[in-house]
Amino acid sequence: MTATPESAVRPATPDAVVQPAAGATPPRRPLAARAAAELVGTAALVAVVVGSGIQATELTQDVGVRLLANSLATAFGLGVLILLLGPVSGAHFNPVVTLAEWWTGRRGGTGVTIREAAVYVPAQIAGAITGAVLADAMFGKPLVQWSTRDRSAGHLLLGEAVATAGLILLVFGLARTDQLRFAPVAVASYIGAAYWFTSSTSFANPAVTVGRAFSDTFAGIAPGSLAGFIGMQVIGAVAGLALVALVFARGPEAAE
């Protein structure tokens, strides 16, 4: 879940191999490799979320302990995945991060192109579904069992908007300040905290939201709740980008 640093320079061709300077963006991999990284990373993330939820449910009846186990596993797993796959694809694992990066760089800046975004997003969704099915299989559950956990209450939707706005503010704030090297720890810490301070337990990710509908477990979400959650995630992403523009506004000297 990282963005391209604003100081990066796009190579002449998408697959060009160059030797980066210290601290620069690593050479861009072929689009197929980046899409594979997004698919595998999102699959692994959802497998961690759903699998840890199943494991926690089988080990304890205490809902608080279940949430603690689920949030810790997710934070640790996400940090590792960003560290591993960030140099390949940027480790978005999240359609709103991908689309926000395209939006901010659409006028010739750095970041994904619309063609790349059109490849990333389906890969993320396919990965999320695969991860949920894999988690169910590992615990002997039906491979596809639609979740019955209704999450349509208004306060949960507000929580999703807040969680997503905070995530976008963090990711693109790190990019604006050239601190993306801290993304594995910062993003994982934020998601771990947002499990607890948001009423929705911080899905903050349309692809993960879709994947979690495929598992009727502690971490699931009923298909009927998908539209509301995803809609609020989009609203949250827009709010997050507005906050980035406000908080990290460039001075006159930066615009020259």
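Helices here are DSSP runs of H or I with at least four residues, numbered from the N terminus. The model is predicted, so local features need pLDDT of at least 70 and side-chain atom pairs pLDDT 80 or more, while totals for chains, interfaces and linings use all residues. Residues count from 1 along each chain as its sequence is written, and side-chain values use heavy atoms, without hydrogens or water.

**View A. Helix α1 alongside helix α2.** Here we have α1 (residues 31-59) and α2 (residues 63-89), whose axes come within 9 Å and cross at roughly 170 degrees (lines fitted to C-alpha atoms over the stretch in contact, with angles from 0 to 180 degrees between N-to-C directions). The two are therefore roughly antiparallel (over 145 degrees). Their contact brings together 13 nonpolar, 7 polar and 3 charged residues (nonpolar: Ala, Val, Leu, Ile, Met, Phe, Trp, Tyr, Cys, Pro; charged: Asp, Glu, Lys, Arg; polar: the others, including Gly).

**View C. Helix α5 alongside helix α6.** The axes of α5 (residues 154-176) and α6 (residues 183-197) come within 11 Å and cross at roughly 165 degrees. That makes this pair roughly antiparallel too.

**View D. The Arg34–Glu116 salt bridge.** Arg34 pairs with Glu116, the closest N and O atoms being 3.0 Å apart (cut-off: a Lys or Arg side-chain nitrogen within 4 Å of an Asp or Glu carboxyl oxygen). Arg34 is in α1 and Glu116 in α4 (residues 114-138), so the pair ties together parts 82 residues apart in sequence. The whole structure has 2 salt bridges.

Notes. Parallel < 35°, antiparallel > 145°, perpendicular 65-115°, else oblique.
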